[in-house]
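Let's walk through this structure together, from the whole chain down to single residues. Have the sequence and the model side by side as you read.

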Amino acid sequence: MFSHLLSLRCSFAGLCAGLEAPAISACEAASLIDEFDALERLAAGAKLALIGRIDDSLPGAEGENGRARWLARHTGQSVTTASRDLETAARLDRLPDTAGALRSGALTATQAHEVTSAAVLDPAAEVGLLATP
């Protein structure tokens with residue numbers, strides 16, 4: 001899986017490097033934005049699923065806030081944002097519909113955080129929260 005992902009990343013990097021935005025019409029730009037957004041959502045879902053696997057066994061992830069500090073160092077996000085992602089990832093185990101929506105690209109990471117924050121308090125509300133635009 002890792003080699004396939006590296007290959008995809010190289011292809012994607014080439015596509016992004018060759019993007020000549022001034023030569024693209026507004027209509028085409030709108031379509032491309034939708035596609036880039038879909039890719040971003042899919043990547044966020046996969047990343048959150050993997051974030052759930054981070055534990056104290058990783059060098060640098062030990063101790064208080066160790067996992068959040070490790071994640072922040074590896075992703076360039078703040079420790080606060082990394083902590084939020086760790087909380088979201090942990091909640092996904094108890095919220096299968098949300099996990100599925102995230103994996104399918106139907107949610108952004110921010111939306112997943114909002115849904116999991118509310119649904120963990122009332123799991124029966126999960127489906128309704130997912131239906132809210």
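**Charges and overall build**

The chain carries 11 positive and 17 negative side chains, and the centres of these two sets lie 7 Å apart. Here Lys and Arg count as positive and Asp and Glu as negative, while His and the chain ends are not counted; each charge is placed at NZ of Lys, CZ of Arg, CG of Asp or CD of Glu.

Before going further, please keep in mind that this is a predicted model, in which local features need pLDDT of at least 70 and side-chain atom pairs count only at pLDDT 80 or more, whereas totals for chains, interfaces and linings use all residues. Residues are numbered from 1 along each chain as its sequence is written, and side-chain values use heavy atoms, with hydrogens and water left out.

What is the chain built from? Its secondary structure comes to seven helices and zero strands, in the order α-α-α-α-α-α-α along the sequence. Helices (H or I, at least four residues) and strands (E, at least two) are DSSP runs, numbered from the N terminus. The C-alpha trace spans about 50 × 40 × 25 Å along its principal axes. The accessible surface is about 8,700 Å², with 60% of it belonging to carbon and sulfur atoms; such areas come from the Shrake-Rupley method with a 1.4 Å probe, and for residues only the protein chains shown count as cover.

**Inside the fold**

Of the 133 residues, 24% count as buried. Buried means under 20% relative accessible area, exposed over 50%, and partly exposed in between (1.4 Å probe, protein chains only). Taking contacts (heavy atoms within 4.5 Å) between residues at least 6 apart in sequence, 49% join residues at least 24 apart.

How many aromatic pairs does a search of the whole structure find? There is one. The ring centres of Phe12 and Phe36 are 5.7 Å apart and their planes stand at 55°, so the pair is tilted. Rings of Phe, Tyr and Trp (its six-membered ring) pair if their centres lie within 6.5 Å; planes under 30 degrees apart count as stacked, over 60 as edge-to-face and the rest as tilted. Because Phe12 lies in helix α1 (residues 2-17) and Phe36 in helix α2, the pair ties together parts that are 24 residues apart in sequence. Phe12 is partly exposed at 34% relative accessible area, and Phe36 is partly exposed at 26%.

Ile24 sits in the loop between α1 and α2 and is partly exposed, at 22% relative accessibility. Leaving aside neighbours within four places in sequence, Ile24 is in contact with Leu19, Ala29 and Leu32.

The whole structure holds zero disulfides, a disulfide being a pair of cysteine sulfur atoms within 2.5 Å. For Cys16, the closest cysteine sulfur is that of Cys10, 12 Å away and therefore too far for a bond. Cys16 is partly exposed at 34%, whereas Cys27 is exposed at 61%.

Finally, turn to the loop between α2 (26-51) and α3 (66-75), where Asn65 is found. Most residues other than glycine have a negative phi. Asn65 has a positive phi of about 60° although it is not a glycine, and it is partly exposed, with a relative accessible area of 45%.
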